[in-house]
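Subject: Structure handover

Hello,

My notes come after it.

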Amino acid sequence: MFHRGARLSRESVFRASAITTDGLTFLEKFDVIVVGAGPAGSTAAYLMARGGLKVLLLERGKSPGEKNIFGGRIYSHVLKRIFGNFGDEAPVERYVVRESLGLMTDSDCTLLDFSSRRRGTRDASSFIARRSRFDKWLSERAEAEGALLVTGTRVDDLYIENGEIRGIISAGESIDADCVVDAEGVSATLARRGGLRSDVLPGQVKVGVKETVKLSREQVNDRFSLEDDEGAASVFIGYPAGYLEASGAFIYTNSDSVSIGVVADPVKLSASRIEVQRLVEDFRLHPFMRRLLRGGSVIEYSAHMIPNSVPVAPENLVRGNFIAAGDAAGLFINHGFTYRGVDLAMASGEAAAKAVVAAHSSGGYSREQLASYHSHLAEAVLPELERAERGADVLHNPRIFSDYTHLISDFMSDLFSIDGFGHGSVSSILSENMKGKVSRIRMLRDMLSAYRKM
Ligand SMILES: Cc1cc2nc3c(=O)[nH]c(=O)nc-3n(C[C@H](O)[C@H](O)[C@H](O)COP(=O)(O)OP(=O)(O)OC[C@H]3O[C@@H](n4cnc5c(N)ncnc54)[C@H](O)[C@@H]3O)c2cc1C
């Protein structure tokens with residue numbers, strides 16, 4: 001007999017789905033199969049199970065989040081909406097109360113640092129988490145609502161009969177479902193197979209590399225001026241990925257370690273013959289970083305692809321009874337000063353769940369019945385993505401990553417250098433530093449364009 005929330009092995013699900021005894025009627029056919037127990041998949045599974053649907057959540061990892069990598073920061077708005085005081089139970093490392101944007105050259109770092117204790121830490125708009133703990137927690141919420149989570153199971157293909165998607169195929173066996181939600185992440189193999197997306201081209205993804213550096217809790221607090229559950233998030237442009245446009249680096253504080261990493265364009269990396277591992281190494285060894293990381297040891301290293309832009313028209317994220325969410329749908333924002341994928345994955349999982357539950361109530365899962373997915377996405381996710389797309393031009397301006405970073409660094413160096421022979425005015429120092437690097441007109445145009453687009 002199947003109990004809601006029970007843990008079943010992969011074998012028993014496949015066996016049971018083929019048996020039609022009374023006790024296993026639930027497993028005969030699922031209303032929905034969700035592929036991937038990342039933030040998009042588990043959020044969708046949680047809300048659909050809560051809406052009364054029979055949900056099967058399949059995850060290839062031994063445990064959700066086991067191999068999922070990201071920088072470290074999650075914006076809380078979706079969690080607050082769905083779970084209220086999520087901080088009471090979610091595995092939060094630290095709440096972000098300190099934000100910095102760094103302009104780096106190989107020797108300098110100009111930091112715009114914002115630190116606020118205006119609100120309690122739990123009201124912070126973002127927090128730092130480890131995916132191995134966070135994804136597991138979220139999938140357990142879905143299980144507690146009755147979704148059936150089966151781990152260690154890779155979905156190989158969609159189960160298609162007479163041109164219609166009837167479920168999924170794993171290890172040569174099929175499982176039926178009325179609807180399939182693809183939340184498998186950036187590879188989007190099923191989304192391509194189901195006709196939602198074309199092949200992911202090299203220019204449509206970035207590569208992210210991350211290291212976790214072990215420090216004590218006290219070292220993290222002292223070096224980043226933090227207390228208790230307070231956390232810091234910093235992003236950097238210029239060095240080390242510098243001079244490669246739309247690339248950057250980050251550092252996030254966990255409770256007793258820090259995550260550092262670099263995001264770069266693989267096409268530009270290969271054209272410049274730069275290995276991404278070298279960029280992380282250069283970043284870790286930068287004088288500014290060396291002091292923050294002193295005495296720490298690298299305990300984790302990982303690399304992963306990140307969607308770079310929205311390669312599919314959002315209205316094409318549904319085809320028949322097949323729907324894509326999260327990275328599989330290309331939902332990611334890189335402003336240069338924020339990297340956002342997890343909250344968008346959860347928001348799209350929420351939108352997919354609303355559409356699927358409504359379709360279920362209306363008696364079918366046709367494209368028309370699932371069309372509300374687009375309108376739910378349009379409420380929050382799509383306007384932000386469109387703004388980010390417009391702003392993306394700014395990130396592809398090479399002057400931001402090289403000329404201006406150097407200009408500001410040289411300007412700051414001169415501004416704070418006193419040699420006793422007379423210090424020029426601020427404007428004369430700026431003019432002196434701009435000579436031969438960038439014209440005033442060019443700089444004004446770039447500033448105006450950035451202001452308008454971002
Ligand atoms: C270096 C780096 C730094 C980042 N930093 C941040 C950050 O700080 N903040 C932020 O918000 N975002 C960040 N992101 C992006 C963020 O990680 C993603 O946008 C987010 O994880 C997308 O969630 P998802 O649920 O769509 O996909 P994923 O998190 O990729 O989850 C997909 C799940 O599906 C499983 N799966 C895949 N294929 C199959 C299959 N065939 N069968 C069964 N299971 C399958 C996977 O194992 C995985 O558990 C970063 C990404 C990288 C690479």
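Below are the findings, starting with the ligand.

This is a predicted model: local features need pLDDT of at least 70, side-chain atom pairs count only at pLDDT 80 or more, and totals for chains, interfaces and linings use all residues. Residues are numbered from 1 along each chain as its sequence is written.

**Ligand shell**

The ligand is surrounded by 41 residues. A residue is near a molecule or strand if its C-beta atom, placed from the backbone, lies within 6 Å of it. The closest are G36, G38, G208, G326 and G341. Elements giving two or more residues to the shell include α3 (39-50), β11 (205-214), β14 (257-264) and α11. Helices (H or I, at least four residues) and strands (E, at least two) are DSSP runs, numbered from the N terminus. By class, the shell has 18 nonpolar, 13 polar and 10 charged residues. Here Ala, Val, Leu, Ile, Met, Phe, Trp, Tyr, Cys and Pro count as nonpolar, Asp, Glu, Lys and Arg as charged, and the others, Gly among them, as polar.

Where does the shell lie? Domain 1 (10-68 + 132-200 + 311-370) and domain 2 (92-129 + 203-307) both give residues to it, so it lies between them. The domain bounds come from an automatic or database domain assignment.

**Core**

The largest nonpolar core has 116 residues, and V55 and V181 have the most contacts inside it. Such a core is a set of buried Ala, Val, Leu, Ile, Met, Phe, Trp, Tyr and Cys residues joined through C-beta atoms within 7 Å. Buried means 20 or more other C-beta atoms within 10 Å of a residue's own, exposed 12 or fewer, and partly exposed in between, with C-beta atoms placed from the backbone. Helix α11 (residues 342-361) gives the largest share of this core, 12 residues.

**Helix α5**

Helix α5 (residues 131-144) has 14 residues. Its buried residues include R131, F134, D135 and R141. Just after α5, G146 takes a positive phi of about 115 degrees.

**Backbone points to check**

- A cis peptide bond joins Y239 and P240, with omega about 0 degrees. P240 is in the loop between β12 (230-238) and β13 (248-253).
- D228 is not a glycine, yet its phi is positive, near 45 degrees. With 9 C-beta neighbours inside 10 Å, D228 counts as exposed.
- R273, also not a glycine, has a positive phi of about 55 degrees. R273 sits in the loop between α8 (266-271) and α9 (276-285).

Regards

Technical notes. The expected span of a helix is 1.5 Å times one less than its number of residues.
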